[in-house]
Amino acid sequence: MFEIEIDRSFSAAHQLKGYDGDCRNLHGHNYEVTVTVEADTLNEVGIALDFKKLKAALDEVITPYDHHNLSELPDFQEINPTSEVLARTIYRKMSALLNDGNVKVARVRIGESASSRLTYSE
């Protein structure tokens with residue numbers, strides 16, 4: 001089994017409706033996103049998944065979030081854009097773009113600060 005991993009970052013604001021604390025107010029984070037994919041086999045060149053393809057897929061998913069208020073975006077109209085929800089949303093979008101029988105998104109890690117991060121997988 002091969003694991004391929006990339007990191008990207010973006011800045012965005014959000015607010016957590018119904019939260020009893022400061023996070024109910026509009027505030028921002030410099031999010032760090034790590035995506036890990038797994039592959040069982042290599043192609044004829046010896047590559048499990050080209051880093052360029054993985055980076056392009058993640059850029060496609062997170063670019064609409066960069067420098068926006070996540071709470072106002074369609075992906076988060078029904079649920080607060082918590083780090084948990086953000087990680088699950090990115091995981092599912094990346095899976096739709098990449099999962100092909102050999103390659104599978106294994107997990108997405110979101111860091112909203114240097115000391116706070118979580119991981120989502122299915």
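# Sheet, helices and buried residues of a predicted model

T34 is the bridge partner of D7 in β2. This pair belongs to a predicted model, in which local features need pLDDT of at least 70 and side-chain atom pairs count only at pLDDT 80 or more, whereas totals for chains, interfaces and linings use all residues. Residues are numbered from 1 along each chain as its sequence is written, and side-chain values use heavy atoms, with hydrogens and water left out.

**Overall layout**

The protein contains two helices and four strands, and its elements follow the pattern β-β-α-α-β-β along the sequence. Helices (H or I, at least four residues) and strands (E, at least two) are DSSP runs, numbered from the N terminus. Taken along the principal axes, the C-alpha atoms of the protein fill a box of roughly 55 × 30 × 25 Å. Of the 122 residues in the protein, 39% are buried; the term buried stands for a relative accessible area under 20%, exposed for one over 50%, and partly exposed for values in between, with a 1.4 Å probe and protein chains only. Among the contacts (heavy atoms within 4.5 Å) with a separation of 6 or more, 65% are between residues 24 or more positions apart.

**The sheet**

The four strands form an open sheet in the order β1-β2-β3-β4, with antiparallel pairing; two strands pair if DSSP finds at least two bridges between them. The edges of this sheet are β1 and β4 (116-120), each of which pairs on one side only. On average, and with direction ignored, neighbouring strands are turned by 20 degrees against each other. The antiparallel pairing of β1 with β2 extends over 13 bridges. Helix α1 packs on the sheet, where it touches β1 and β2, and its direction makes about 20 degrees with that of β1. For such angles, axes are lines fitted to C-alpha atoms, for helices over the stretch in contact, and the values run from 0 to 180 degrees between N-to-C directions.

At the other end of the strand order, β3 and β4 run antiparallel and are joined by five bridges, while a hairpin of two residues leads from β3 to β4. The bridge partner of R109 in β4 is T119. Helix α2 lies across β1, β2, β3 (103-113) and β4, and runs at about 150 degrees to β3.

**Helix α1**

The residues L54, A57, L58, V61 and I62 of α1 are buried. These residues cover an arc of only 120 degrees around the axis, so they lie on the same side of α1, the arc being that of the directions from the helix axis to the C-beta atoms. K52 and E60, on the other side of α1, are exposed. The cover over the buried residues of α1 includes β1 (2-14), β2 (27-39) and α2 (83-98). At the start of α1, the backbone nitrogen of K52 has a side-chain oxygen of D50 within 2.8 Å.

| Residue | Relative accessibility | Class |
|---|---|---|
| H14 | 2% | buried |
| L70 | 0% | buried |
| H67 | 65% | exposed |

H14 has its place in strand β1. The side chain of H14 is joined to that of H29 by a polar contact of 3.2 Å; a polar contact is a pair of N or O atoms within 3.5 Å, and within protein one must be able to donate a hydrogen and the other to accept it, while residues adjacent in sequence count only if both atoms are side-chain atoms. A polar atom of the H14 side chain also lies 2.8 Å from the backbone oxygen of P81. Leaving aside neighbours within four places in sequence, the residues in contact with H14 include N25, L26, H27, Y31, N69 and S71, together with H29, P81 and L70.

L70 lies in the loop between α1 and α2. With neighbours within four places in sequence again left aside, L70 is in contact with A12, A13, H14, Y31, Y65, F76, P81 and L86. Although L70 and D50 are 20 residues apart in sequence, their C-alpha atoms are 30 Å apart in space.

H67 lies in the loop between α1 and α2. Most residues other than glycine have a negative phi; the phi of H67, however, is near 60 degrees, a positive value in a residue other than glycine.
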